[in-house]
Amino acid sequence: MEGLKEKIENAQGVAIVIPEHASRETVLAALALKKAAGKKGFIVGDQEALKEWREFFEEEVSQVKDFAITIDTTKYPIEELKYETDDNTLTIRLTTNTLLTEKHLTFNTLLPRSDLILALGFTDDEEKNVVIADLPKNTEEYECITLTEANESKMSHNTLGLLARVILRSREEQDINTVWSFITREDFAKTESE
């Protein structure tokens, strides 16, 4: 886990990928990783399951997306691009010798770029590979770490359940830069982590 922490710290963007029908343990593990990644982390996958935890993890659940305006520059060459801000407006200026209209522009929302991908809870490699292939990446040399049933001897469902309880009970004290949590014997018993 220490190596994973270092990779998260060194990454520019961290995509945390979960399947469309993720288990509760997978969702909670993804939220814990998102919390560790901070603003450079984002979760891709089962948004319905994430909504269940919105009350506890508001910042982690909200999905960050980039808004993109795309122009085919082979048909409509752009010589220069500038932008100006004034009060509550943003004006994008394009210098071109062709007439541009709305039909020449494509509007999209895109996920942020990542150079570290953490895949959790996938039992089907094909499903995982399709999701990862569609992610925007910072470089061609991105790293993908998969946490699946095959390597969950260190992080079993019981451990993930206990981790979820620890996260739910954690509190941050910013004035002393500390995060603390309280768990009981009952938590160990209910997650069969004794």
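Helices (H or I, at least four residues) and strands (E, at least two) are taken here as DSSP runs, numbered from the N terminus. The structure is a predicted model, in which local features need pLDDT of at least 70, side-chain atom pairs count only at pLDDT 80 or more, and totals for chains, interfaces and linings use all residues. Residues are numbered from 1 along each chain as its sequence is written, and side-chain values use heavy atoms, with hydrogens and water left out.

The protein chain contains 7 helices and 10 strands. Of its 194 residues, 32% count as buried; buried means under 20% relative accessible area, exposed over 50%, and partly exposed in between (1.4 Å probe, protein chains only). Contact means heavy atoms within 4.5 Å. Among contacts between residues at least 6 apart in sequence, 65% join residues at least 24 apart.

Side chains of opposite charge can pair when their charged atoms come close. A salt bridge is defined as a side-chain nitrogen of Lys or Arg within 4 Å of a carboxyl oxygen of Asp or Glu, and the whole structure holds 3 of them. Lys128 pairs with Asp125, their closest N and O atoms lying 3.8 Å apart. Both residues belong to helix α5 (residues 125-133), where they are 3 residues apart, about one turn of the helix. An α-helix has 3.6 residues a turn, so residues three or four places apart point the same way. Lys128 is buried, at a relative accessible area of 9%, whereas Asp125 is partly exposed at 48%.

A second pair consists of Glu143 and Lys7, with closest N and O atoms 3.0 Å apart. This bridge links distant parts of the chain, since Glu143 lies in strand β8 (residues 143-147) and Lys7 in helix α1, 136 residues apart. Glu143 is partly exposed at 32% relative accessibility, and Lys7 is partly exposed at 33%. In the remaining pair, Glu84 meets Arg93 with closest N and O atoms 2.8 Å apart.

Because 10 of its 14 residues are buried, α2 is largely enclosed by the rest of the structure. After α2 comes Gly38, with a positive phi near 65 degrees.

A nonpolar core is a set of buried Ala, Val, Leu, Ile, Met, Phe, Trp, Tyr and Cys residues joined through side-chain atoms within 4.5 Å. The largest such core has 23 residues, of which Ile8, Val14, Ile16, Val27 and Leu118 touch the most other members. Helix α2 supplies the largest share of this core, 7 residues. Beyond residues up to four places away in sequence, Val27 touches Ile18, Ala22, Ala49, Leu50 and Trp53.

Strand β5 gives the most to the patch, with 3 residues. Ile69 is placed in strand β3 and is partly exposed, at 43%.
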